[in-house]
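I opened this notebook to record what I looked up in the structure, entry by entry. The notes follow the order in which I went through it.

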Amino acid sequence: MGTVYVVTSGKGGVGKTTATANIGTGLALAGNKVALLDADIGLRNLDVVMGLENRIVYDIVDVVRGECRLRQALIKDKRFDSLFLLPAAQTKDKTAVKPEQMQKLCNELKEEFDFIIVDCPAGIEQGFKNAISGADRAIVVTTPEMSAVRDADRIIGLLEANDLRDAYLIINRIRMDMVKRNDMLSIDDMLDFLAVTLLGVVPDDEKIVISTNRGEPAVTDDKSMAGKAYKNITRRLLGEDVPFMDLSVDDGFFGKLKRLFGMGAK
Amino acid sequence: MAKFNIKGMRNRILFDINDYDDFMEAYHDLDEQLEKSDGFYKNSHMKAVVKGKELNQLEKYKIRELLETKYGFRTLFIGSVNNKKKNESARFIHGTVRSGQLIEEHGHVIVLGDTNDGSEIKAGGNIIIMGRTNGLLHAGYPNNDKAIVAAIRMESLQIRIGKIISRAPDTKRYRADVPEIAYTNNGKIILEPLNPKSKML
């Protein structure tokens, strides 16, 4: 029996789709049977990020309306045999699916897959309500900005009201150099405010832009810091106790020399 | 026959469903009656006050949704009937009050935790927060300016007591160092460190 994780945030553009793609791919890399579900009907993105946009024949609305079987709509990933994607519809909108239908779909997927990751749309309306209706656990994504954190807090409150307690938190796009200069919220500030379990911290990384455009999740790139962070997140989801990466800025040879002589930043 | 009252007041409408024992009956009668009004209230953003016997959170939510989403009201207050004697009951809330949560009580409210920015607490009595406050706090609602607000770290952007509103200074991130108490004096809200020598106590 698999577990359904919903990746949500409230605020748009903080990295839900990227997180869904990378966590899903990471779990498949580790040998699990994974299904990714794009619940952002009308504004689908997960297919692009996974590089599978040219293989879409059926989508989630077709499945829910009985126009095809679930098996027919699931797209096998280009790279991993145990990773599948159920794409969203682009020509419909969020009223095309009801929470009960979503629940039934998730239950069906649970029988075949170890992990089902649902990419939730931004907002707190119908799309959100649909996406959380089949979930067992929630992963909340936020960036270190007051507006994103406040929205994350709202979402956590709504999740708790819907019996999805003990949410996990991913802090995305952090820049430790800015945190050190006090120009960006620190991890402790955010945990203090949100009071949930930290699942991972992902640094701001150009390679994410490249990976999204190419349709190759960063977790497959060994040179990407963000990819490494997502790998660690995957391991923590599988029960491993992985220490958080040291994201401190590397200030080079002269920086180290300065510190040796007691000058410069610590 | 409908058992509820609609009363027009100064700048709002009062829906009194206190005579109902069954919530769903009250809900349906209200819906039926408002249906007849033929969209009169739609987009009016009229303020509505609802009074009824002990309503739980779900019931309050349903009424709010009915009035706001279906009929275009702006609900102001949903609570149980005000008895003639002063309501000294207190409601305890365990844990953080999150953004978007609305707590309304006729008596006092005590929070064993923080209140986050975007949350609202409206109490007829006093508000005590055993934590850090960032959300809106409105004590002495609607017009008792003898009420007080006290918190371990009072960092709310706005505090209201009775009809008086006061806002935090515009400096970047207001941080409190000691427990503070807010009360009114001469139509203004005063914020003081909470200590035994305080005049307020």
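**Entry 1: the sheet of chain B.** Which strand order does the open sheet of 6 strands in chain B have, and with what pairing? I found the order 5-7-9-11-14-15, with mixed pairing. Before going further I noted that this is a predicted model, in which local features need pLDDT of at least 70 and side-chain atom pairs count only at pLDDT 80 or more, while totals for chains, interfaces and linings use all residues. I also noted that residues are numbered from 1 along each chain as its sequence is written, and that chains are lettered from A and ligands numbered from 1 in the order in which they are written.

Strands here are DSSP runs of E with at least two residues, helices are runs of H or I with at least four residues, and both are numbered from the N terminus. Two strands count as paired if DSSP finds at least two bridges between them. Strand 5 (90–94) and strand 15 (188–193) of chain B stand at the edges of the sheet with a single partner strand each, so one side of each has no neighbour in the sheet. Neighbouring strands of this sheet are turned against each other by 25 degrees on average, direction ignored. Inside the sheet I looked up strand 9 (residues 127–133) and strand 11 (residues 149–154) of chain B, which run parallel and are joined by 5 bridges; Arg132(B) has Arg153(B) of strand 11 as its bridge partner.

**Entry 2: strand 4 of chain A.** Strand 4 (residues 83–86) of chain A sends Leu83(A) and Leu85(A) one way and Phe84(A) and Leu86(A) the other way, and all are buried. I use buried for 20 or more other C-beta atoms within 10 Å of the residue's own, exposed for 12 or fewer, and partly exposed in between, with C-beta atoms placed from the backbone. Strand 2 (residues 34–38) of chain A runs parallel to strand 4 of chain A, with 4 bridges, whereas strand 3 (residues 75–76) of chain A runs antiparallel to strand 4 of chain A, with 2 bridges. Leu85(A) is the bridge partner of Leu36(A) and is also the bridge partner of Ile75(A).

**Entry 3: helix packing in chain A.** The axes of helix 1 (residues 16–29) and helix 11 (residues 225–237) of chain A come within 9 Å and cross at roughly 65 degrees; axes are lines fitted to C-alpha atoms, for helices over the stretch in contact, and angles run from 0 to 180 degrees between N-to-C directions. On the side of helix 1 of chain A the contact is made by Asn22(A), Ile23(A), Gly26(A) and Leu27(A), and on the side of helix 11 of chain A by Tyr230(A), Lys231(A), Ile233(A) and Thr234(A), where contact means C-beta atoms, placed from the backbone, within 7 Å.

Helix 7 and helix 9 (residues 187–194) of chain A pack at an angle of about 30 degrees, with their axes 10 Å apart. Helix 7 of chain A brings Val149(A), Ala152(A), Asp153(A) and Ile156(A) to this contact, and helix 9 of chain A brings Met190(A), Phe193(A) and Leu194(A).

**Entry 4: the contact between the chains.** I counted 7 residues from chain A and 8 residues from chain B in the contact. Helix 7 (residues 146–161) of chain A gives the most to the side of chain A that touches chain B, with 5 residues.

**Entry 5: backbone details.** The peptide bond from Tyr141(B) to Pro142(B) is cis, with omega near 0 degrees, and Pro142(B) is found in the loop between strand 10 (136–139) and strand 11 of chain B.

Asp166(A), which is not a glycine, has a positive phi near 55 degrees and is found in the loop between helix 7 and strand 7 (168–174) of chain A. Is Asp166(A) buried or exposed? Asp166(A) counts as exposed, because it has 10 C-beta neighbours inside 10 Å. Arg173(A) also has a positive phi, of about 60 degrees, without being a glycine, but its place is in strand 7 of chain A, and it counts as buried because it has 22 C-beta neighbours inside 10 Å.

Terms used:
Contact = placed C-beta atoms within 7 Å.
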